[in-house]
Amino acid sequence: MESTLKDIRDGASVLDLDPKATVGGGVEDLYGEDCATEEQLVTPWTISVASGYSLLRDPRHNKGLAFTEKERDDHYLCGLLPPVVASQELQERKLMTNIRNYQVPLQKYMAMMDLQERNERLFYKLLVDNVEELLPIVYTPTVGEACQKYGSIFRRPQGLYISLKEKGKILEVLKNWPERSIQVIVVTDGERILGLGDLGCQGMGIPVGKLALYTALGGVRPSACLPITIDVGTNNEKLLENEFYIGLKQRRATGKEYSDFLHEFMCAVKQNYGEKVLVQFEDFANHNAFELLTKYGTTHLVFNDDIQGTASVVLAGLVAALKLLGGTLGDHKFLFLGAGEAGTGIAELIALEMSRQTKCPIEETRKKIWLVDSKGLIVGSRKDSLQHFKKPWAHEHEPVKDLVDAVKVVKPTVLIGTSGVGKQFTKEVIEAMASCNEKPLIMALSNPTSQSECTAEEAYTWTQGRAIFASGSPFDPVEYDGKTFVPGQANNAYIFPGFGLGLVISGAIRVHDDMLLAASEALANQVTQENFEKGLIYPPFSNIRKISANIAANVAAKAYELGLATRLPRPENLLKYAESCMYSPVYRSYR
């Protein structure tokens, strides 16, 4: 991936640190909340000490009925709450009962968002303790529907909206956000939300959901997270005609106007928050996603989850699957349906890891990987008409138009779907995979569930239970021929929370491909023999905090090794240090 971007940057690397691109900055825990143990008393600061009615309206410090009698006396809460004192565990049981009573996923999503706005720690406690049940609610697939209806369900802002109206004063807009110590920003322009297309300003649900996972799964404290939507208009006619649409009602800005606006944003972010703030690009259209990563990869701490996060989590699944398939990565062939940012990003990271293992040039290892786009197999005769990020995958071969024919001629061990179009892995395609493989590995990665290339049941049924299957969105276990198969989920949430934590705890100032490989390796190592026996190539999400800590430690170690870490001296035990830095949603006692 870095090699491809390096070519586009005329040889510039993320390791070539330009002093002109370096500024001061950094994040401090001003009030000591992250340094204190759970037993130590903390002060509920807002601008002043929060108390009384304002304390109950402050989501960061509100505990609802869990305030003790002493806290009620000390903070002027007597009479503002019913007399009972309830534990956080009791509150959690009550809320989970209420959420489970909702039949519609969007209602569950709205209930969780309401909770986040009134009691932050309880929200994260629910999410941490019930991650497998609630992850599909706060993120894919439910977040997709939430984004589609965001204008109708919008209640109060959960992040910053920076529109073309703010051109020339983006720095002032950033200063309107109440928090100063920001460590992670997730930003989208809403042009390519999941597999749903251009949702404009309503794409805000994605940064909000991603950052909730940064905290719940990766332990980055909520106050250090900032969701941002860049509103440059939308080309979605239905939204432009919708009276409830909350964004700019104009067609998308493009070209110089767009790039100048994004450049102002990136400069303002670094000026306001410093060198070490992580900017994660999310759901940008393919051409903009690659351009932004190329342009700012050498000057900012930037990460694209659709390109790099997806690649890292898929590579981890492939490395783990080798214990079921046998051989090394270099022994296998890969065929992709979809040659956009996700497909080419995954392909490049696989080629990079194969090159690292075999010591062969990456140009050689790429020849094991084939991509199919909307016009068929990407081959040498199409090279002149291809976008720059597809050109490395144009191998010499006769043109092949259909996916099923591509499977028959390439004979891949692994079939990966990143097309964003549902039902593309037809019975004929899956049977062709099964005919040339004892254990075909099928990864239907497109989100949400409706856009998945095939279902788990189809993959297992059409291969007579021989497939190893993973998907982007969750599927229920499948019964086939008296055996229960548990589908794996190649969810980016395995990678980006721990990856971001690793960057934060090391004070990294750039992202390098070797850090992505380190994250993949850490995730693959968490898959147990018991998981393999169920056909799983990913560990259960119930262990996600432990998984994230291991990923963070591996990523931080690589940052120190590459000379990209600034937090010195290096902690002796990075795993213990990562665990000690993770935010805990347990209620604190107030003095």
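1. Met443 is one of five residues, with Tyr214, Ile350, Ile369 and Phe499, that touch the most other members of the largest nonpolar core, a set of 121 residues. Leaving aside neighbours within four places in sequence, Met443 is in contact with Val314, Leu318, Leu415, Ile416, Gly417, Phe425, Ala470, Ala490, Ile537 and Tyr538. Contact here means heavy atoms within 4.5 Å. A nonpolar core is a set of buried Ala, Val, Leu, Ile, Met, Phe, Trp, Tyr and Cys residues joined through side-chain atoms within 4.5 Å. Buried denotes under 20% relative accessible area, exposed over 50%, and partly exposed in between (1.4 Å probe, protein chains only).

2. The model is predicted: local features need pLDDT of at least 70 and side-chain atom pairs count only at pLDDT 80 or more, while totals for chains, interfaces and linings use all residues. Residues are numbered from 1 along each chain as its sequence is written, and side-chain values use heavy atoms, with hydrogens and water left out.

3. Of the elements in the largest nonpolar core of 121 residues, helix α24 (residues 544–562) gives the most, with 10 residues. Helices (H or I, at least four residues) and strands (E, at least two) are DSSP runs, numbered from the N terminus. A second, separate core has 36 residues, including Phe265, Val269, Tyr273 and Leu292.

4. The loop between β10 (441–444) and α20 (456–462) holds Ser452. Ser452 is buried, since its relative accessible area is 4%. Its side chain reaches the backbone oxygen of Cys454 at 2.8 Å; a polar contact is a pair of N or O atoms within 3.5 Å, where within protein one must be able to donate a hydrogen and the other to accept it, and residues adjacent in sequence count only if both atoms are side-chain atoms. Beyond the neighbours within four places in sequence, Ser452 is in contact with Gly422, Lys423, Ala444, Ser446 and Phe475.

5. Pro448 also belongs to the loop between β10 and α20. The peptide bond from Asn447 to Pro448 is cis, with omega near -10 degrees. A cis peptide bond also runs from Leu568 to Pro569, with omega near 0 degrees, and Pro569 lies in the loop between α24 and α25 (574–581).

6. Positive phi values in residues other than glycine deserve a remark. Lys359 has phi near 65 degrees and lies in the loop between α16 (341–358) and α17 (362–365). Is Lys359 buried or exposed? Lys359 is exposed, because its relative accessible area is 72%. For Lys411, phi is near 55 degrees, and the residue is placed in the loop between α18 (403–410) and β9 (414–417).

7. The second largest pocket has a volume of about 880 Å³. Of its 41 lining residues, Arg192, Thr418, Ser419, Gly420 and Ser446 are the closest to its centre. Two or more lining residues come from each of α15 (305–325), α16 and β7 (369–373), and α15 gives the most, with three. By class, the lining divides into 11 nonpolar, 19 polar and 11 charged residues. In this scheme Ala, Val, Leu, Ile, Met, Phe, Trp, Tyr, Cys and Pro count as nonpolar, Asp, Glu, Lys and Arg as charged, and the others, Gly among them, as polar.

8. On a 1 Å grid over the protein atoms alone, a cavity is a set of points where a 1.4 Å probe fits but cannot get out, and a pocket is an open set with protein on both sides within 12 Å along at least five of seven lines; lining residues have an atom within 4 Å of a point. Grid points are joined across faces, edges and corners, and a volume is the space filled by probe spheres set on the points.

9. Met96 is placed in helix α4 (residues 88–101). Met96 counts as buried because its relative accessibility is 3%. Setting aside neighbours within four places in sequence, Met96 is in contact with Leu126, Asn130, Glu133 and Leu134. Met96 and Glu191 are 95 residues apart in sequence and 34 Å apart in space, C-alpha to C-alpha.
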